[in-house]
Amino acid sequence: MTADRESILPTIWEVSDDLWARIEPILAAAWPRRDPRGRHHADWRRCLNGIIYQMRTGCQWNALPKVLGDDSTVHRWYQRWCRLGVMEKIWADLVQTCDDLGQVHWDWQSADGCMGKARHGGDHIGKNPTDRGKNGTKRSIVVDEQGGPLGVVIDGANRHDAKLLKATIEAIVIERPDPKEHEQHLCLDKAYDNPSGQSAASEAQYTPHIRRIGEEKTTVTVKHPDGKPRRWVVERTLSWLNRCRAILVRYAKNGKNYLGLVQLACSLIWYRRLLRLNGLG
């Protein structure tokens with residue numbers, strides 16, 4: 001790729017005109033103006049850029065660059081939008097747009113969990129068994145065949161992956177195709193080889209593919225078109241999310257605030273897919 005081509009690629013780390021055109025009606029519906037003659041609210045677009053900056057860098061809110069607005073204002077709107085479920089609505093809108101274009105690949109889905117540090121405690125945390133019992137949080141996510149995140153929940157790091165699978169499936173942000181008309185496979189690792197994992201997949205009418213405990217690593221029966229096991233895409237998506245410092249390390253005490261950041265990052269992943277569909281990413 002040439003330097004000229006790289007220079008025109010749009011970034012997902014700030015709100016473009018196209019993305020803002022999608023987001024603004026959602027924000028307006030969530031916080032309608034009761035009196036058009038009253039005081040105008042803050043610049044929402046700049047606030048979103050500030051939230052994305054904090055999500056990406058993990059900086060303290062009072063360390064936001066001044067160009068992104070007053071840090072207290074940005075933080076206040078961030079908490080308000082998380083409380084109102086705005087981040088999930090933005091995510092759902094982008095997924096639905098891709099689904100309308102036939103670009104959500106439901107046939108093969110994968111789910112997995114990922115533990116992380118929770119520096120300041122809060123709700124939905126627990127002792128991290130891989131970090132000497134320190135405070136930790138877990139993100140459980142389900143993705144489509146290409147790794148597009150479809151649903152996510154958070155809980156304590158000591159919560160078993162299989163115990164979160166049912167809630168993760170139920171958290172899918174748009175309606176799934178009818179499994180009776182559209183067969184859907186769900187790929188899972190050995191952590192789900194137990195009654196909880198198996199029943200959650202079956203109750204959601206998936207065809208489960210669970211690696212069995214004790215099964216040799218060389219035994220791979222279900223593969224992605226590129227030759228790799230289909231489940232690898234969910235691990236890649238978790239890696240994408242971990243590029244955001246405020247997601248990799250949880251600083252937010254309030255679980256809804258942390259979940260809102262994860263949902264916003266998932267939205268940007270789908271927006272990148274839309275850019276690729278338009279030949280821009």
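The following conversation concerns a predicted model of one protein chain.

Trainee: How many helices and strands are there in the chain?
Mentor: The chain has 10 helices and 7 strands; these are DSSP runs numbered from the N terminus, with helices (H or I) of at least four residues and strands (E) of at least two. Residues are numbered from 1 along each chain as its sequence is written. In this predicted model, local features need pLDDT of at least 70, side-chain atom pairs count only at pLDDT 80 or more, and totals for chains, interfaces and linings use all residues, while side-chain values use heavy atoms, with hydrogens and water left out.

Trainee: What share of the chain counts as buried?
Mentor: Of its 281 residues, 49% count as buried. Buried means under 20% relative accessible area, exposed means over 50%, and partly exposed lies in between (1.4 Å probe, protein chains only).

Trainee: Which residues of H3 are buried?
Mentor: They are Trp44, Cys47, Leu48, Asn49, Gly50, Ile51, Ile52, Gln54 and Met55. The elements covering them include H2 (17-30), H4 (71-84), H5 (86-100), H9 (245-248) and H10 (255-277).

Trainee: What is found at the ends of H3?
Mentor: Asp43 caps the N-terminal end, with a side-chain oxygen 3.1 Å from the backbone nitrogen of Arg45. A polar contact is a pair of N or O atoms within 3.5 Å; within protein, one must be able to donate a hydrogen and the other to accept it, and residues adjacent in sequence count only if both atoms are side-chain atoms. Just after H3, Gly58 has a positive phi of about 75°.

Trainee: At what angle do H3 and H10 pack?
Mentor: The angle is about 100°, and the axes are 11 Å apart. Axes are lines fitted to C-alpha atoms, for helices over the stretch in contact, and angles run from 0 to 180 degrees between N-to-C directions. H3 is therefore roughly perpendicular to H10, a term for angles of 65 to 115 degrees.

Trainee: Which residues meet there?
Mentor: Ile51, Ile52, Gln54 and Met55 of H3 meet Leu261, Leu264, Ala265 and Leu268 of H10.

Trainee: Changing topic, where is Gln146?
Mentor: Gln146 lies in the loop between strand E3 (135-143) and strand E4 (149-156). Gln146 counts as partly exposed because its relative accessibility is 35%.

Trainee: What is Gln146 in contact with?
Mentor: Neighbours within four places in sequence aside, Gln146 is in contact (heavy atoms within 4.5 Å) with His105, Val233, Arg236, Trp240 and Arg273. Gln146 and Arg236 are 90 residues apart in sequence, and their C-alpha atoms are 9.7 Å apart in space.

Technical notes: Angles under 35 degrees count as roughly parallel, over 145 as roughly antiparallel, 65 to 115 as roughly perpendicular and the rest as oblique.
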